[in-house]
Amino acid sequence: MADFGSSTLRVPDVSGVPRHLAIIMDGNGRWARKRFLPRVAGHKRGVDTLRRVIRACMERGIEYLTVFAFSSENWRRPPEEVSFLMNLFVAALNDEVARLHENGIRLKVVGDLDRFEPRLRELIAAGERQTAGNRRLTLTIAANYGGRWDILQAANRLGQEHPERCGRWTEADLAPYLVMAHAPEPDLFIRTGGEERISNFMIWQLAYSELYFTDKLWPDFDARTLDAAIASYHKRERRFGRTSEQLRTTGEAPAAVEASSSLQNA
Ligand code: IPE
Ligand code: IPE
Ligand code: MG
């Protein structure tokens, strides 16, 4: 597994376009309600938006796109809506995987997949297998995902595999067990739909991401909104704990603690 480094262990190199964009695709229900349509019409339209955003990300040189499709808390929704979303996921995988593959996109689905029905799990596994060698863009779909669930499953697996080091585990020991270990930390986070919260999305990985909130409802999100978010990102000063003066005078401050795994050093 590639080591992408950690923003808390070492100051990352962050020039240019965001390498990893993470999006909470929110506002589908309100989009539909505004048009006197059932909420699920918004979810359907949301899939079209995602297709367009994937293309726009590739055109802009973004290497990793991670989208929140279904949270571990979304099971609390009415059963009809949950089941519509599951069917939509199946349909989208059936329709889109071949096209993703043609476009050089690697598909990853992260979350607690055990709760999904076998048909969906098989489609996910097949889609991941087919696209595993692609690198133009890595599209990660977070489904039945929760940031707290992820940290706990990682800690439990680390504990099972390395009980002898309990009490001395480091950040670098835990990182490979997190479900986003295949990607660097997000540079830019976008949430559509007007809410300004994280809703249990990537709470570990967003530690130093730049946050951008827009009132645009997800089905209305487009390349222009994406460019506005990227323009805002370019104006940010990513200090990672340092001062502005340090950034200006040295261009780059000395790296902090080196990433080290007690497991490797043991
Ligand atoms: C986001 O849109 C999609 C999912 C959570 C699956 P919402 O369904 O949350 O839309 P709003 O927030 O109710 O408008
Ligand atoms: C977050 O949106 C989850 C997804 C977009 C999949 P929600 O609409 O579920 O979040 P809350 O409930 O408003 O925080
Ligand atoms: Mg919502």
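**Entry 1: helices H2 and H3**

I began with helix H2, residues 39–59, and helix H3, residues 79–102, and I found that they pack at an angle of about 25 degrees, with their axes 11 Å apart. I note here that the model I am reading is predicted. Angles under 35 degrees count as roughly parallel, and H2 and H3 are therefore roughly parallel to each other. I also looked up the hand of the crossing of H2 and H3, which is right-handed.

Next I listed who meets whom: from H2 I wrote down Arg-39, Val-40, His-43, Lys-44, Val-47, Arg-51 and Ile-54, and from H3 I wrote down Glu-81, Phe-84, Leu-85, Leu-88, Ala-92, Glu-96, Arg-99 and Leu-100. When I sorted the residues of this contact of H2 with H3 by class, I had 8 nonpolar, 1 polar and 6 charged.

**Entry 2: helices H3 and H4**

I then followed H3 to helix H4, residues 118–131, where the two pack at an angle of about 15 degrees and their axes are 10 Å apart. H3 and H4 are therefore roughly parallel to each other, and H3 passes H4 in a left-handed crossing.

On the H3 side of this contact I noted Met-86, Asn-87, Phe-89, Val-90, Leu-93, Asn-94, Val-97 and His-101, while H4 brings Arg-119, Leu-120, Leu-123, Ile-124, Gly-127, Gln-130 and Thr-131.

**Entry 3: ligand 1**

I turned to ligand 1 and wrote down the residues around it, which are Met-25, Asp-26, Gly-27, Asn-28, Gly-29, Arg-30, Arg-39, His-43, Ala-69, Asn-74, Arg-77 and Leu-85. Arg-39 and His-43 were already in my notes from the H2 side of the contact with H3, and Leu-85 from the H3 side.

For the polar contacts, I found a polar side-chain atom of Asp-26 at 2.8 Å from an oxygen atom of ligand 1. Backbone atoms take part as well: a polar one of Gly-29 is 2.9 Å from an oxygen atom of ligand 1, and a polar one of Gly-27 is 3.4 Å from an oxygen atom of ligand 1.

**Entry 4: ligand 2**

A polar side-chain atom of Arg-197 lies 2.8 Å from an oxygen atom of ligand 2, and a polar side-chain atom of Asn-74 lies 2.9 Å from an oxygen atom of ligand 2. For Arg-191, I noted an N or O atom of the side chain at 3.2 Å from an oxygen atom of ligand 2.

Definitions and conventions: Residues numbered from 1 in each chain as written. Chains lettered and ligands numbered in written order. Predicted model: local features only at pLDDT ≥ 70, side-chain atom pairs only at ≥ 80, totals over all residues. Heavy atoms only, no water. Axes fitted to C-alpha atoms, helices over the stretch in contact; angles between N-to-C directions. Helix = DSSP H or I, 4+ residues; strand = E, 2+ residues; numbered from the N terminus. Parallel < 35°, antiparallel > 145°, perpendicular 65-115°, else oblique. Left-handed = near helix turned anticlockwise from the far one by under 90°. Contact = heavy atoms within 4.5 Å. Nonpolar A, V, L, I, M, F, W, Y, C, P; charged D, E, K, R; others polar. Near = heavy atom within 4 Å. Polar contact = N/O pair within 3.5 Å; in protein donor to acceptor, adjacent residues only side chain to side chain.
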